[in-house]
Amino acid sequence: MFEERVAECLRLCEQAKSLHGVELHGVLAEIAGIIDGLKQQAPDPAGAILEVHARILSQLHEPIITMNIDGYIVGWTAGAQGLFGYSPDEAIGQHVLFLYASDPDQQGTEIPELFLDHGGSLIEARRRKKSGEEFWAAMSLSPIHDEDGGTIGLVAHLSELTERMSTEETLHLHASVIENSDQGILITDANEHIVSVNSAFTRITGYTAAEAIGQTPDLLRSGAHDTSFRTQVREAMRGAGPWQGEITGRRKTGETFPQSVSISVVRRANGDVTHAFSIFSDISVQRAAEERMQRLVNFDTGTGLPNRTLLTQLVDQAITAARRMDSHGALLAIELERFTSINDTLGQEVGDELLRQVGMRFRAALRDEDILSRVGGTEFVAALLNIQKREHSAIVAQKLLDSLAQPFSVAGHGLHIDASIGIAIYPEDGEDATMLIRFADSATKRIQKGGESGYLFYSPEMNQRAKEHLLLESELRKALVQQELLLYYQPKVSLRSGRIVGSEALIRWKHPSNGMISPAKFIPVAEETGLILDIGTWVLDQACRQVRQWLDQGLSVPPVAVNLSARQFDKNLPQRVLATLDQHRVDASQIKLEITESLLVKGPEVVIPIMNALVASGLALSLDDFGTGYSSLAYLKKFPISTLKIDRSFVIGVPGDDNDCAIARAIVTMGQQLRQEIVAEGVETVEQMVFLRNLGCDQLQGFLFSPPVAADDFARMIREGQKLSIG
Ligand code: C2E
Ligand code: MG
Ligand code: MG
């Protein structure tokens, strides 16, 4: 019975060697359970003090031998191996007699281990090591009982004596082992008050015994751990099972330090915890060394930047994540040009310092979440781990190149440096870091072969796209100044009267050589580059100017709706809009503002006050493209919106597509509940019109009545009183 349990214990110990974390704790708890079970019947409470020591000593790698009732060894700790020289393999299974000294007179009590039948005891006896050397051993013996109270085995806990000692002396010896241990030891009573500490405790924490005794272990609390972790440690001190782990403690000086801790408890025969002890070592030195090693392995010493090893690791992780989330990233291989000549003429030290400064400039040009790594002598790699659009990496490449424009100042020299950047995109170009770096490198080489600097994509298709994107951007900038932009107006008609009740101003770009360019093509570029702010200002100004002109012509124009980009939505917007209205002497009721749900990314706490300010000045807000974004209905209720525009994508399907019909019906019902006016966008057919009117839509905007038209055409439609025939 006992042997089985011990064997079970040993098996678990063996298993525990290869485990970590929660699993390790699980197994340790199991072992403790078995030991506690065996100890339940320990009849001698007087042995408690020895047991506190025995348990502590066992944690200190003390020699402990476990044997069965017949004297055969079943347990052999590393400490026992250290003392006797026998490995567990050599010792386990042997009879304990094989450790006895050869001289029978010197053996002390004859085979004491076998005649002990109750209570823990302390004896001294002569024993022999594997080397043949004989010595006096102090042994603390504890019997192990089965459930019925019968003795089934024995635990012997040994220490080598230089001379025979009395029980008191042995106790003293144990106390002194504890006292002199390198590891800090703290013993608490059942009330969790510290009753004893050793000198290592004082050395590590800075608290003397007098300062610590009577306090709780909270004395060392660093505040670095959360409640659940602290509860775990507390539970261990209350007997939940042995616990081992790392805790950040705080020294008396206030400094925190990492410690490796093991916690166990001692119980009475009835199972009550009498003491808990925690044994800890200060591992700050190891930790610092580990960190230094870590830095050496993962970071470039010259620049302090991640090296190729770490870069590869991080990028591979990011690629796995990107695959899951269907996103893109880019690797930019940056090769510094003509660097060797600096090294050759000004020396290595100047070169090293220059590299460090270049690294700093690059780092500053990137976002925090981008990785910058130095992968070779004069090569850096920037990893952009999450880019919205692949073309954006070109903007970053340009930024990196621009960061080199100012000369560097090293040791009194003003130095110019240039670079070539090759760009590879994942997952399109490749799906592992090493491959991507190679492709980005090959693009860099292509630039260098042409004798140029600048940037180039690995894939020809991306080069084409980036080129178009850049061209569009620069032409759009010109368009704004050269007045190639103009506004068209698309009427909105009432579904009750068929009359024109409003219009939407839609931007057009009349390109000198390419003709009309659709806003669907250039608005996204304007959004990305920030040009939308200038364009937005121009649109509002132009719309107000037009309204003023119409009014001056005596035309009674219904309100004009102007589209706003989310980027225009800041706290100064109301003030800017009002100033424009003022400038053209246009009343706020003449202008409506169309906004989209994309605004919400700024957070309702930011946008709602701005919306309220606009509405308070008399401007009406319409929610454009409704149904395509991720409006939460909860927000919709809080938005001061007077009009909902059903997106064209739902209108296309009515009345044929059941889903679209259901969505359109839901939007109309909801808008009616919130007392909002409902406009259907993109209505092209009579069937659509009839269906939407029957649903209860208020207005229609679409080719059925009119496409967006030039200002003069719109004025003519108003003047002529054009109407939609609504049947
Ligand atoms: P939007 O604000 O939803 O404008 C409605 C779009 O639907 C317009 O496209 C309009 O021409 C088109 N449309 C109207 N009726 C029909 C129809 O019956 N059938 C079809 N197929 N299309 C119809 P447009 O003018 O190309 O504008 C596209 C988008 O560009 C606009 O969508 C808006 O998001 C943006 N946009 C246009 N002008 C501006 C502007 O001044 N500022 C900002 N920020 N965005 C603008
Ligand atoms: Mg619109
Ligand atoms: Mg729309």
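Predicted model: local features only at pLDDT ≥ 70, side-chain atom pairs only at ≥ 80, totals over all residues.
Q: Which residues come nearest to ligand 1, and how many residues are around it in total?

A: There are 21 residues around ligand 1, and those that come nearest are R508, D624, R648, E684 and F703. By type, this shell divides into nine nonpolar, five polar and seven charged residues.

Q: Which elements of the chain give two or more residues to that shell around ligand 1, and which one gives the largest share?

A: The largest share, four residues, comes from strand β19. The elements that give two or more residues to the shell are β19 (500-511), α18 (519-529), α19 (531-552) and β23.

Q: Which side chains have a polar atom lying 2.8 Å or 3.0 Å from an atom of ligand 1?

A: Here we look at pairs of N or O atoms, one in a side chain and one in the ligand. In the side chain of Q490, an N or O atom is 3.0 Å from a nitrogen atom of ligand 1, while a polar side-chain atom of D624 lies 2.8 Å from an oxygen atom of the ligand. The side chain of D625 likewise has an N or O atom 3.0 Å from an oxygen atom of ligand 1. As for the ligand's surface, ligand 1 taken alone exposes 800 Å², and the protein buries 82% of that.

Q: Are E594 and D624 buried or exposed?

A: The cut-off to remember is that buried means under 20% relative accessible area. E594 has 1% relative accessibility and so counts as buried, and D624, with a relative accessible area of 6%, is buried as well.

Q: What are the protein donors of the magnesium ion (ligand 3), and which residue coordinates both ions?

A: D624 in strand β23 and E681 in strand β25 (residues 677-681) are 57 residues apart, and the pair links distant parts of the chain. Both D624 and E681 are buried. The residue that coordinates both ions is D624, and the two magnesium ions are 4.1 Å apart.

Q: Where does the backbone have cis peptide bonds?

A: The general idea is that most peptide bonds are trans, and that most residues other than glycine have a negative phi. In this structure, a cis peptide bond joins Y426 and P427, with omega about 0°, and P427 lies in the loop between β16 (418-426) and α16 (433-449). The peptide bond from V654 to P655 is also cis, with omega near -5°, and P655 is found in the loop between α23 (648-651) and α24 (658-673).

Q: What is phi of D326, and what is phi of Q483?

A: D326, a residue other than glycine, has a positive phi near 60°, and D326 lies in the loop between α12 (308-325) and β11 (328-337). Its relative accessible area is 71%, so D326 is exposed. Q483 has a positive phi near 55° and is found in the loop between α17 (460-481) and β18 (485-494). At 68% relative accessibility, Q483 counts as exposed.

Q: How many helices and strands are in the chain, and what part of the residues counts as buried?

A: The chain has 26 helices and 27 strands, and of its 727 residues 49% count as buried. Among the contacts with a separation of 6 or more, 59% are between residues 24 or more positions apart.

Definitions and conventions
Residues numbered from 1 in each chain as written. Chains lettered and ligands numbered in written order. Heavy atoms only, no water. Buried < 20%, exposed > 50% of the residue type's maximum accessible area, 1.4 Å probe, protein only. Contact = heavy atoms within 4.5 Å. Donors = N, O, S within 2.8 Å, 3.2 Å for Na, K, Ca; no water. Near = heavy atom within 4 Å. Polar contact = N/O pair within 3.5 Å; in protein donor to acceptor, adjacent residues only side chain to side chain. Areas by Shrake-Rupley, 256 points an atom, 1.4 Å probe, with all protein chains shown as cover. Nonpolar A, V, L, I, M, F, W, Y, C, P; charged D, E, K, R; others polar.
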